[in-house]
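Subject: Structure handover

Hi,

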Amino acid sequence: MAKNTSNGEHQTTTKPPPTPSPLRNSKFFQSNMRILVTGGAGFIGSHLVDKLMENEKNEVIVADNYFTGSKDNLKKWIGHPRFELIRHDVTEPLLIEVDKIYHLACPASPIFYKHNPVKTIKTNVIGTLNMLGLAKRVGARILLTSTSEVYGDPLEHPQTESYWGNVNPIGVRSCYDEGKRVAETLMFDYHRQHGIEIRIARIFNTYGPRMNIDDGRVVSNFIAQALRGEPLTVQAPGTQTRSFCYVSDMVCENIYNFMTIGLTMYWLLLRFFEAQFSSC
Ligand SMILES: O=c1ccn([C@@H]2O[C@H](COP(=O)(O)OP(=O)(O)O[C@H]3OC[C@@H](O)[C@H](O)[C@H]3O)[C@@H](O)[C@H]2O)c(=O)[nH]1
């Protein structure tokens, strides 16, 4: 059976998800939910770990290569019986039994992802393939943190999900923009072909505690420059716009709730909040 999509192309029917490991139903299994967070030592990842660790039924495993993340962000959890930290680069396969995967691993600031563009593409493409392979093997639900950069230099403001963007495939930001676009494609192909339960969160410019002062992004740059009494570096043309989000809002609403509550409930909540704001 096939159904029509908005662009008139045919899509194959979604398969049911694979059966989770029998360990999940084992009588003596200690933890209710074993959760992998790739990139969990990073700015957003470490806030997500804090949120997940609030629930005593969660066991959290972080895999990070510390390229832009730091063990310091997780110091309050190191040694905790429900927490495990692994030095691991997602471009290598990871074999582990988990119920959920939050796949955040990738440098996100332009200065860092442009530093080694080939590695950035490998992280997005091979890293996401590895995590999807793992999700398929163990029947885990997986969330990918994508980016506002999938819209490239958008011609529409604000960007709706039905807008597909305006992306330069050969520019200096392409390693990240196109890498995340392929990662999103892989997510949907694994969903259609293998029935994996997926979520994709397109993250916009996020700020808050634990943001690296040398991160290079506009919020950290402006705050650091203001504190040092230096002029603010407004890059050309100076008319750019961004949608900024505080890190705990990003983690709770766009990542944690999106992955944890059912999709129908999530969309109902979104509609509710939209209605509240539009009536203000
Ligand atoms: O010192 C600065 C830094 C940045 N800027 C400008 O401010 C705007 C925002 O730039 P940032 O470096 O903060 O980052 P961007 O918004 O382009 O992308 C970032 O946020 C969204 C995430 O999805 C991406 O992963 C991340 O790259 C850009 O137009 C940039 O040119 C300045 O004017 N001065």
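First, the housekeeping. This is a predicted model, with local features needing pLDDT of at least 70, side-chain atom pairs counting only at pLDDT 80 or more, and totals for chains, interfaces and linings using all residues. Residues are numbered from 1 along each chain as its sequence is written, and side-chain values use heavy atoms, with hydrogens and water left out.

An unreviewed UniProt entry annotates residues 35-251 as "domain: NAD-dependent epimerase/dehydratase" (such annotations may be inferred rather than shown by experiment). That span is 34% helix and 17% strand, and its end C-alpha atoms sit 15 Å apart (helices are DSSP runs of H or I with at least four residues, strands are runs of E with at least two).

Now the ligand. It has 21 residues around it, and Thr147, Glu149, Thr233, Gln235 and Arg242 come nearest (a residue counts if one of its heavy atoms lies within 4 Å). For polar contacts (N or O pairs within 3.5 Å), the side chain of Gln235 puts an N or O atom 2.5 Å from a ligand oxygen. The protein covers 92% of the 670 Å² of accessible area that the ligand has on its own (Shrake-Rupley, 1.4 Å probe).

Helix H2 (110-113) and helix H5 (218-227) each give two or more residues to the shell, with H5 providing the largest share, three residues.

Cheers

Note on methods. A polar contact is a pair of N or O atoms within 3.5 Å; within protein, one must be able to donate a hydrogen and the other to accept it, and residues adjacent in sequence count only if both atoms are side-chain atoms.
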